[in-house]
Amino acid sequence: MRHLLRLFFVTAVFVPALAMAQTMESANDAVANMRVGWNLGNTLESKSNDTTNMWIEAWTPRKPENYETAWGQVRATPELMQMMRDAGFNAIRVPVTWFPHMKETWKLGGSNGATWSPSADPIDSTVNREWMNRVHEVVDYVINTGMYCILNVHHDTGADNNAWLVADGNTFAKTEAYYKALWRQIANEFKDYGDHLVFEAYNEMLDKYDSWCFASFAAPGQYNKAVADDAYNAINNYAQTFVDVVRSTGGNNSQRNLIVNTYGSCDGRGNWNTHLTDPLTQMKRPTDSATGHIIFEVHSYPDVSNLQNAKNEVDGEFNKLTTYLASKGAPVIIGEWGASDGNAYTNNKQNLIDFARYFVENAKSHGFTTFYWMGLSDGQDRAVPQFTQPDLRDAIIKGYYGEGGYTGIKSITSANESVSQHDGAIYNVMGQRLNSVPQHGIYIRNGKKYVAGK
């Protein structure tokens, strides 16, 4: 024991230097270490939904808090993030919509609101400093708890007509410079952050027909191969551009883990059309100067009104994700999931609770990390903070940790056992970096010594 303590104290001197010399953790390790996640939804991604009703722009001072609270949520707080961490969540996805905060010359008017013509009043690429500062604050709220934070470009995509990122070759050609400039600013803002900050290229990007499920589904005749091929090619171009721009900013961004979504973030679920798997099969893993730092993302919203059908559908989905996506050489996260019925907690509460545990358990067994969409803590409950749906939270947590739920890790905090450490990485007492928390024995993380298995 004396020999172990001597070794420990000698090691403590060298851990900081070793930590600084370490490369960023791999995508596989990050996905495993995220464990189970949650979305800070309807917050920093809030926007006016349509160019013919730019109501936030018309009726508010357009301060960050006007956007952050526009969809019924309170401003995010450090206490909310700590509550999520204490409950057993280890990753928060922070969706952000950027275009309302990019320099522009919009001439907004109209007696009943405001309209915006993107062709007449285009956005510029410069992000408003006040908005970037607020995004930075929220990212820090997450990172400071020790959790992972995913930061993305969110409702700059989607079906609303003010989405400027579209899975279409012509649109890509027109927006590529703006897209590069946006990600260059985000990447430079956070380039010194460690492994716990992950960037996500875009959210649910759709083709020019706003087709869900697979590209060109909403086209005349419900499928047009030329349109579909163009859309998938555009998605891959956006993904590759994102990776190239982030890597070019250097620092920790040269090896930061990066997420790219399939077309529409589609998950291939179901068997009612042969094209449902196309978003998975047509997605390419971007070429990357860093090896092992790409993550794929999909979203999943099954109908839980028939519990067994929902379970069967998810079984098929996870098999497809393994066969058609993870096989490309990158791990998979389910960046959003929930029930297709937004009122399922009221209409099919027990089904949703049972399904949630099943979903998380099976995702974990396949190596996928899950991020529940928004519920759990909602509206004024976030200001307390407290959980709006504690029983659903318990189902999700038990789905990952087992029937005993999350009990935390016993920390030993006596003064002479605390060591300097770097950004949540895990080390043994020899100062060697580990890929994951060991099942048994001593390890060092965030400046403290822990005993695994207790």
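Mentor: The structure holds 20 salt bridges. A salt bridge here is a side-chain nitrogen of Lys or Arg within 4 Å of a carboxyl oxygen of Asp or Glu. This is a predicted model, where local features need pLDDT of at least 70, side-chain atom pairs count only at pLDDT 80 or more, and totals for chains, interfaces and linings use all residues. Residues are numbered from 1 along each chain as its sequence is written, and side-chain values use heavy atoms, with hydrogens and water left out.

Trainee: How many helices and strands are in the chain?

Mentor: Elements first. Helices (H or I, at least four residues) and strands (E, at least two) are DSSP runs, numbered from the N terminus. The chain has 13 helices and 15 strands.

Trainee: What percentage of the 454 residues is buried?

Mentor: Buried means under 20% relative accessible area, exposed means over 50%, and partly exposed lies in between (1.4 Å probe, protein chains only). Here 56% of the 454 residues are buried. Accessible areas come from the Shrake-Rupley method with a 1.4 Å probe; for residues, only the protein chains shown count as cover. The accessible surface of the chain is about 18,400 Å², with 48% belonging to carbon and sulfur atoms.

Trainee: Among contacts between residues at least 6 apart in sequence, what percentage joins residues at least 24 apart?

Mentor: Contact means heavy atoms within 4.5 Å. The share is 76%.

Trainee: Which strands make up the closed barrel?

Mentor: Start from pairing. Two strands pair if DSSP finds at least two bridges between them. In this chain, 8 strands form a closed barrel in the order S1-S2-S5-S6-S7-S8-S9-S10, with parallel pairing. The twist averages 25° from one strand to the next. For angles, axes are lines fitted to C-alpha atoms, for helices over the stretch in contact, and values run from 0 to 180 degrees between N-to-C directions.

Trainee: How many bridges join S1 to strand S10?

Mentor: There are 3 bridges between S1 and S10 (residues 369-372), and the two strands run parallel. Look for Trp38: it stands opposite Tyr372 in S10.

Trainee: Which strands does helix H8 touch?

Mentor: Helix H8 (residues 225-248) packs on the sheet and touches S6, S7 (258-261) and S8 (294-300). The direction of H8 makes about 170° with that of S7. Now take helix H7 (residues 169-189). H7 lies across S5 (148-152) and S6 (197-200), at about 175° to S6.

Trainee: Back to charges. Which side chain meets Lys47 in a salt bridge?

Mentor: Side chains of opposite charge can pair when their charged atoms come close. Asp160 is the partner of Lys47, at 2.9 Å from N to O. Asp160 sits in the loop between S5 and H7 and Lys47 in the loop between S1 and H3, so the pair ties together parts 113 residues apart in sequence. Asp160 is partly exposed at 30% relative accessibility, whereas Lys47 is buried at 1%.

Trainee: With which residue does Glu297 form a salt bridge?

Mentor: With Arg93; the closest N and O atoms are 3.3 Å apart. Glu297 lies in S8 and Arg93 in S2 (residues 91-94), so parts 204 residues apart in sequence are tied together. Both Glu297 and Arg93 are buried.

Trainee: Where do Glu313 and Arg269 lie?

Mentor: Their side chains meet in a salt bridge at 2.9 Å, N to O. Glu313 lies in helix H10 (residues 307-325) and Arg269 in the loop between S7 and helix H9 (278-281), so this pair ties together parts 44 residues apart in sequence. Glu313 is partly exposed, at 30% relative accessible area. Arg269 is buried, at 18%. Salt bridges that share partners also join Glu68, Arg75, Arg134 and Glu137 into one network.

Trainee: Is Asn42 buried or exposed?

Mentor: Asn42 is buried, with a relative accessible area of 18%. Asn42 lies in the loop between S1 (36-39) and H3 (55-59). Leaving aside neighbours within four places in sequence, Asn42 contacts Glu68, Trp71, Gln73, Trp373 and Met374.

Trainee: Now the backbone. Which peptide bond is cis, with omega near -10°?

Mentor: The one from Val384 to Pro385. Pro385 is in the loop between S10 and helix H13 (390-401).

Trainee: What is phi of Leu376 near?

Mentor: Phi of Leu376 is near 70°, a positive value in a residue other than glycine. Leu376 is in the loop between S10 and H13 and is buried, at 0% relative accessible area. Cys213 has a positive phi of about 75° and is not a glycine. Cys213 is in the loop between S6 and H8 and is partly exposed, at 31% relative accessibility.
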